[in-house]
Each structure stands twice: as structure tokens, then as C-alpha cells.
Amino acid sequence: MSVFDLIAENQIQDYNRRKANGEVDESRAIKPEERTSFESHLFKSIVGCYEKAAEKPVEERQSLEERAENLRMQLLIGLEQKGMRITAQSMSKELMSKRQAILGSE
């Protein structure tokens with residue numbers, strides 16, 4: 001073991017000992033952040049564009065809908081490049097459904 005491994009091991013053991021003795025304030029413990037994939041962020045961005053477009057008059061929607069379409073293509077191409085064709089098809093259908101629900105039939 002390297003010196004750093006020994007130091008880390010000692011700190012972990014010390015923390016576990018203090019926690020067992022009730023000396024650690026759990027409210028101050030760092031909680032891991034929820035991690036989401038890049039694809040999930042794209043999906044949420046696309047739906048966000050649809051929601052923003054729904055708030056605009058019909059004449060002003062075009063740029064947001066174009067942005068949503070560009071993001072949708074990026075998402076689907078990325079999934080297909082990873083070999084996730086079924087997921088790409090499923091997400092495409094889901095996005096079409098979301099668009100229909102948010103923006104209605106146009």
C-alpha cells in the first residue's frame with residue numbers, strides 16, 4: 001500500500017469510529033448528486049422547448065420548434081451510434097407523444 005492509501009484507510013476508519021460513537025452530524029454529510037445521462041438532459045431540453053413554445057403565440061414558436069427538432073436529431077443519432085436503436089425508436093415515439101400533448105395538433 002502507498003502512503004496515500006494508508007492515510008485514506010486511516011481516515012475512513014476514523015470516520016466510521018466517530019459515526020458509530022454518534023460524533024458525526026449526519027445532516028452535514030455530503031449526499032451524492034443525482035446523475036443523469038447526456039441523453040436524459042437532451043430529452044428534458046427537448047420537452048422544455050415544447051413547453052416554452054406552447055407559451056408563445058403561434059407565430060413565435062418556429063425557432064423553439066426548430067431547436068427542439070435539432071436536439072431531437074442529436075439525441076436519436078447519438079443513440080443509434082451507440083447501437084441503441086430500440087431505445088432511439090422508443091424515445092422518438094415518446095417525444096412525438098409529448099409534443100402532441102404539449103403543443104397539440106398542428
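Visitor: Which side chain meets Asp14 in a salt bridge at 3.2 Å, N to O?
Guide: The side chain of Arg18 does. A salt bridge here is a side-chain nitrogen of Lys or Arg within 4 Å of a carboxyl oxygen of Asp or Glu. This is a predicted model, where local features need pLDDT of at least 70, side-chain atom pairs count only at pLDDT 80 or more, and totals for chains, interfaces and linings use all residues. Residues are numbered from 1 along each chain as its sequence is written, and side-chain values use heavy atoms, leaving out hydrogens and water.

Visitor: How many residues apart are Arg18 and Asp14 in helix α1?
Guide: Four, so about one helical turn separates them. Helices are DSSP runs (H or I, at least four residues), numbered from the N terminus.

Visitor: Different topic. Which side chain meets Lys82 in a salt bridge?
Guide: That of Glu39, at 2.5 Å, N to O. The pair links distant parts of the chain, 43 residues apart, with Lys82 in the loop between α3 and α4 and Glu39 in helix α2.

Visitor: Is Glu39 buried or exposed?
Guide: Glu39 counts as buried at 12% relative accessibility, whereas Lys82 counts as exposed at 54%.

Visitor: And at what angle do α2 and α3 pack?
Guide: About 160 degrees, with the axes 9 Å apart. Axes are lines fitted to C-alpha atoms, for helices over the stretch in contact, and angles run from 0 to 180 degrees between N-to-C directions. The two helices are therefore roughly antiparallel, a term for angles over 145 degrees, while those under 35 count as roughly parallel.

Visitor: Which residues make that contact?
Guide: Among them are Phe38, Glu39 and Leu42 of α2, and Leu71, Leu75 and Leu79 of α3. Contact means heavy atoms within 4.5 Å.

Visitor: What about α2 and α4, how do their axes cross?
Guide: At roughly 20 degrees, coming within 9 Å. That makes α2 roughly parallel to α4.

Visitor: Which α2 residues meet α4?
Guide: Phe43, Ile46, Val47, Tyr50, Glu51, Ala53 and Ala54. In α4, the residues they meet include Met91, Leu95 and Ile102.

Key
Angles under 35 degrees count as roughly parallel, over 145 as roughly antiparallel, 65 to 115 as roughly perpendicular and the rest as oblique. Buried means under 20% relative accessible area, exposed over 50%, partly exposed in between (1.4 Å probe, protein chains only).
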